[in-house]
2 protein chains.
Amino acid sequence: MTEKGDSPVARTVLQQCLQARLQVRPAEGQSDAQFVQIHRGMVIYICFFRGATDDVLPKMVSTLLNLRLCESTSGKMVSVSELPGSLLIVPQATLGGRNKGRAMQYHNNINKEEGLRLYSKFVSLCEKELVAAAAASATSGAEVTVKHGTYGNRQVLQLDTNGPYTHLMDF
Amino acid sequence: MTEKGDSPVARTVLQQCLQARLQVRPAEGQSDAQFVQIHRGMVIYICFFRGATDDVLPKMVSTLLNLRLCESTSGKMVSVSELPGSLLIVPQATLGGRNKGRAMQYHNNINKEEGLRLYSKFVSLCEKELVAAAAASATSGAEVTVKHGTYGNRQVLQLDTNGPYTHLMDF
């Protein structure tokens, strides 16, 4: 969390899942919609604000992958790396919304080009770190994966939880 | 949103849904688990912080039900009252979490008794206001409903969205 008074440069909402499925390409003409899916793990909804730079990314990834946000089968709180669980990363520009009267405004969001660049780099860093953690883990044979939505798309999502354990983390 | 620097007394995360199903009683002995379900509408995850009083409730309910957070069939952004949509209210104490190192702490959350009381009153106010809005709405025959989770339970949730449009609103 940023200290009170600091403006955050990125916001994430985190939900634990048993399985989650996200559309990455809508149906078009004769081609069916395409989906990505994870089983046990964590969904990361993410939004970057104005002023976000590459500098924030390593800290975000390390925090999100190592915070004890997940309940293990024995009931102990562990990180998604320790679980080990998979990640589904969902770009979610609406997280930057502030209300003005009855309308939501998104003036604080980063521009699309820069948002896409930071998002892509965030996904790559998550992949690198989660795979390294899984390789180092004692739980051999656990298959973890990082899946992610297409930036700018409508995020058609289906989620199944055993308690979503929704957390908010600003950076 | 509270002004920067003010400490919020309640946090909500809002997600649009096509359908959502929440367990309100786990399976026990010979009795099956019990669920509540809504179709099109909005899921409200809610957490009260220390210092929350009844005063905040009417403003919360009026804001959440009237903010243009939902996409109508014509693509226009409308409120859940205007949609008209149903509500699924999910108590979510984890929303009050702050990290200390790798652990999450919930020291800012309200005590359970007071949280339950505010939660119950919030649910009642939502029911009253959504039913009144539906009655006043031009869309006759639209069946809207308010369903909610059991305070203190594990919130086993299944969610189906056409874009979760995740928003955060602090009060």
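**Exercise 1.** What rotation and what shift along its axis superpose chain A on chain B?

*Solution.* This is a predicted model, in which local features need pLDDT of at least 70 and side-chain atom pairs count only at pLDDT 80 or more, while totals for chains, interfaces and linings use all residues. Residues are numbered from 1 along each chain as its sequence is written, and side-chain values use heavy atoms, without hydrogens and water. Superposing by least squares on the C-alpha atoms of residues with pLDDT of at least 70 in both copies, one finds a rotation of 180 degrees with 0.0 Å of shift along its axis (RMSD 0.0 Å). That is the relation of a two-fold axis.

**Exercise 2.** Determine how α1(A) and α2(A) cross.

*Solution.* Helices here are DSSP runs of H or I with at least four residues, and strands are runs of E with at least two. The axes of α1 (residues 56–66) and α2 (residues 112–136) of chain A, lines fitted to C-alpha atoms over the stretch in contact, with angles from 0 to 180 degrees between N-to-C directions, come within 10 Å and cross at roughly 45 degrees. The pair is therefore oblique, since angles under 35 degrees count as roughly parallel, over 145 as roughly antiparallel, 65 to 115 as roughly perpendicular and the rest as oblique.

**Exercise 3.** Trace the pairing of β11(A).

*Solution.* Two strands pair if DSSP finds at least two bridges between them. Within chain A, 4 bridges join β2 (residues 19–25) to β11 (residues 157–160), antiparallel, with A:Leu159 the partner of A:Ala20.

Technical notes:
Chains lettered and ligands numbered in written order.
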